[in-house]
Amino acid sequence: MSTLWFKNYSLAEVNDIFAKYMTGFLEIQATQIDSNLLVAQMPVTDRVKQPFGLLHGGASVVLAESVGSVASNMIIDNSKYVGVGMEINANHLRSVSSGIVNAYCTPVHIGRTSHVWDIRIKDEQQQPVCISRLTVAIIKKNNSF
């Protein structure tokens, strides 16, 4: 079976990336890597809720952009290139107040200079919470990286 990824990444390697910065603060973790799918989860805690006790739409966007950006960087040669978010769109479909949400990230387009990802965020009952599309620019690394 053909795989999308530049190398055979383990969940531990991907979770080392997610453990840092905003994704670490929000407790985002990868749970599944398949040939053309990356899944990450985020607990719905007070850290990701808006003042009325529901999952904040911005937190869903952070989850979507994070899983898509990491997926792009798993495809390219990181010694030469870096993938950076260029545009994100999100439609919030259902509210969530507790539990865990899962983001299912699959490619729409994998080009030389850009990637487009479809990210479907679902609740624990597999109901859609947010549908997002992320465009990632693939740029050559220079000395400032």
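Here are some friendly notes on the model above, point by point.

1. Ground rules. This is a predicted model, in which local features need pLDDT of at least 70 and side-chain atom pairs count only at pLDDT 80 or more, while totals for chains, interfaces and linings use all residues. Residues are numbered from 1 along each chain as its sequence is written, and side-chain values use heavy atoms, with hydrogens and water left out.

2. Helix 3. Helices and strands here are DSSP runs (H or I of at least four residues for helices, E of at least two for strands), numbered from the N terminus. Helix 3 covers residues 57-75, and its 19 residues should span 27 Å at 1.5 Å a residue; the expected span is 1.5 Å times one less than the number of residues. The end C-alpha atoms are 28 Å apart, which agrees. Of the 19 residues, 15 are buried, so helix 3 is largely enclosed by the rest of the structure. Buried means under 20% relative accessible area, exposed means over 50%, and partly exposed is in between (1.4 Å probe, protein chains only).

3. The nonpolar core. A nonpolar core is a set of buried Ala, Val, Leu, Ile, Met, Phe, Trp, Tyr and Cys residues joined through side-chain atoms within 4.5 Å. The largest one has 35 residues, and those with the most contacts inside it are Met42, Leu55, Val101, Trp117, Ile119 and Ile121. Two or more residues each come from helix 1 (11-18), strand 2 (37-43), helix 3, strand 4 (100-110), strand 5 (114-122) and strand 6 (128-140). Helix 3 gives the largest share, 9 residues.

4. Valine 101. Contact means heavy atoms within 4.5 Å. Leaving aside neighbours within four places in sequence, valine 101 is in contact with a list of residues including Met42, Leu55, Leu63, Ile121 and Val129.

5. Asparagine 73 lies in helix 3 and is buried, at 17% relative accessible area. A polar atom of its side chain lies 2.9 Å from the backbone oxygen of serine 69. For reference, a polar contact is a pair of N or O atoms within 3.5 Å; within protein, one must be able to donate a hydrogen and the other to accept it, and residues adjacent in sequence count only if both atoms are side-chain atoms. Beyond four places in sequence, asparagine 73 is in contact with Tyr9, Asn78, Val82 and Gly83. Tyrosine 9, from the segment before helix 1, is also buried, at 15%. Serine 132. Serine 132 lies in strand 6 and is buried, with a relative accessible area of 2%. The side chain of serine 132 reaches the backbone oxygen of asparagine 89 at 2.7 Å. Apart from neighbours within four places in sequence, serine 132 is in contact with Ala64, Ile88, Asn89, Ala90, Trp117, Asp118 and Ile119.

6. Leucine 4 sits in the segment before helix 1 and counts as partly exposed at 22% relative accessibility. Not counting residues up to four places away in sequence, leucine 4 touches Ser35, Asn36, Ile75, Pro107, Ile110 and Trp117. Leucine 93, in the loop between strand 3 (81-92) and strand 4, is partly exposed at 48%. With residues up to four places away again not counted, leucine 93 touches Pro128, Val129, Cys130 and Ile131.

7. Rings and charges. The structure holds 0 aromatic pairs. Rings of Phe, Tyr and Trp (its six-membered ring) pair if their centres lie within 6.5 Å, with planes under 30 degrees apart counted as stacked, over 60 as edge-to-face and the rest as tilted. Charges over rings do occur: the charged end of arginine 47 sits over the ring of phenylalanine 25, 4.4 Å from its centre, and lysine 122 lies over the face of tyrosine 104, at 5.4 Å from the ring centre. A charge sits over a ring if NZ of Lys or CZ of Arg is within 6 Å of the ring centre and within 35 degrees of the ring normal.

8. Positive phi values. Most residues other than glycine have a negative phi. Tyrosine 21 has a positive phi near 60°; tyrosine 21 is found in helix 2 (residues 21-25) and is exposed, at 73% relative accessible area. Glutamate 27 has a positive phi of about 65°. Glutamate 27 lies in the loop between helix 2 and strand 1 (29-34) and counts as partly exposed at 38% relative accessibility.
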